[in-house]
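Dear colleague,

Please find below the structure that I am handing over to you.

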Amino acid sequence: MNHLNNKNARGSALTTLLGGIVILLAVLFFLVKLATSGYYSDVEQSTQSATETRIMPVGNVTMGDGTPVGQRTGEQIFNKICIQCHAADSVVPNSPKVTHNGEWAPRIAQGFDTLFNHALNGFNAMPAKGGAADLTDDELKRAIVYMTNQSGGNFEAPAVGAADAAASDASGADAAAAPVAAGSADGKKVFEGLCMACHSADSAIPFSPKITHNADWTTRLKQGKATLVKHAIEGYTGPDGGVMPPKGGNANLTDAEIEAAVVYMANQSGGNLK
């Protein structure tokens with residue numbers, strides 16, 4: 001008799017358990033149905049909700065940080081793309097690491113145009129645009145400026161924003177329409193915007209004369225102003241292997257601006273050029 005009672009008790013417990021599971025599943029079903037009722041409809045219906053359901057894409061994906069293509073800053077691009085190879089602690093061989101000035105020095109010496117060309121078209125193991133085909137030219141330039149300016153360089157990045165770009169283009173057109181006269185060019189400004197990457201007093205670029213280091217300039221000053229300016233405009237390879245790209249790598253500078261920069265550096269370093 002006791003045996004039957006135990007058997008009945010076990011059966012009752014099992015029935016209760018199964019009933020509880022069924023109720024739980026039913027509750028979950030209705031909760032899901034309720035939660036999604038505002039988003040999906042029976043596609044056979046002709047209601048607005050049903051129409052939206054029929055034309056709904058399979059998935060909605062948002063990529064990136066939400067910044068429109070063309071408007072990303074150099075830091076954004078570095079943190080998303082360049083950092084893989086150029087981070088300060090990257091282990092990728094033969095890639096210059098940001099803040100490692102010695103690794104960037106010979107590259108900066110080639111000039112910004114060369115750096116941009118290598119980044120745009122690819123160079124050695126580096127793929128074109130770092131593998132990010134959606135980068136615009138200006139975005140790529142901003143990334144280069146961001147890395148080089150933390151590593152001994154002093155380049156100017158393209159402005160972000162259509163208004164800034166338009167203003168920049170307008171000022172560029174004005175500059176082209178009115179060439180700078182030799183006497184009015186600001187040598188210090190040119191130096192600070194370009195030349196200091198190689199010629200600043202604490203530059204790590206080898207074989208380049210450093211401003212205020214009079215001994216570096218002594219033999220060069222003896223050659224005369226005309227020779228110094230000629231080398232700066234046309235480019236020059238020294239007997240020790242040092243390379244000066246034409247116009248410091250910035251072909252947009254006028255001859256007058258180059259001359260002014262040479263005079264400024266020389267006169268800060270023991271010279272007395274006019």
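**Overview of the chain**

Of the 274 residues of the chain, 30% count as buried, a term that stands for under 20% relative accessible area, with exposed meaning over 50% and partly exposed in between (1.4 Å probe, protein chains only). Please note that this is a predicted model, in which local features need pLDDT of at least 70 and side-chain atom pairs count only at pLDDT 80 or more, while totals for chains, interfaces and linings use all residues. Residues are numbered from 1 along each chain as its sequence is written, and side-chain values use heavy atoms, with hydrogens and water left out.

The secondary structure comprises 11 helices and two strands. Helices (H or I, at least four residues) and strands (E, at least two) are DSSP runs, numbered from the N terminus. In order from the N terminus, the elements are α-α-α-α-α-α-α-α-α-α-β-β-α. Among contacts (heavy atoms within 4.5 Å) between residues at least 6 apart in sequence, 53% join residues at least 24 apart.

**Helix packing**

Two packed helices are described by the angle between their axes and the distance between the axes. Axes are lines fitted to C-alpha atoms, for helices over the stretch in contact, and angles run from 0 to 180 degrees between N-to-C directions.

Helix 5 (residues 112-121) packs against helix 6 at an angle of about 120°, and their axes are 10 Å apart. This makes helix 5 oblique to helix 6; angles under 35 degrees count as roughly parallel, over 145 as roughly antiparallel, 65 to 115 as roughly perpendicular and the rest as oblique. On the side of helix 5, the contact is made by Phe-112, Leu-115, Phe-116, Ala-119 and Leu-120. Helix 6 contributes Asp-137, Leu-140, Lys-141, Ile-144, Val-145 and Thr-148. Two of these residues also form a charge-ring arrangement: the charged end of Lys-141 sits over the ring of Phe-116, 5.0 Å from its centre (NZ of Lys or CZ of Arg within 6 Å of the ring centre and within 35 degrees of the ring normal).

Helix 10 (residues 225-234) and helix 11 (residues 255-267) pack at about 125°, with 9 Å between their axes, and are therefore oblique to each other. Here Lys-225, Leu-228, Val-229, Ala-232 and Ile-233 of helix 10 meet Asp-255, Ile-258, Glu-259, Val-262 and Val-263 of helix 11.

**Aromatic pairs**

The whole structure holds three aromatic pairs; rings of Phe, Tyr and Trp (its six-membered ring) pair if their centres lie within 6.5 Å, and planes under 30 degrees apart count as stacked, over 60 as edge-to-face and the rest as tilted. One of them is the tilted pair of Phe-78 and Tyr-146, at 5.4 Å centre to centre and 45° between the planes. Phe-78 belongs to helix 3 (residues 74-86) and Tyr-146 to helix 6 (residues 137-148), so the pair ties together parts that are 68 residues apart in sequence. Phe-78 is buried at 6% relative accessibility, whereas Tyr-146 is partly exposed at 24%.

**Loop residues**

The loop between helix 5 and helix 6 holds Pro-127, which is partly exposed at 42% relative accessibility. Leaving aside residues up to four places away in sequence, Pro-127 touches Ala-119 and Gly-122. Lys-129 is found in the loop between helix 5 and helix 6; its phi is positive, near 55°, in a residue other than glycine. Lys-129 is buried, with a relative accessible area of 17%.

Yours sincerely
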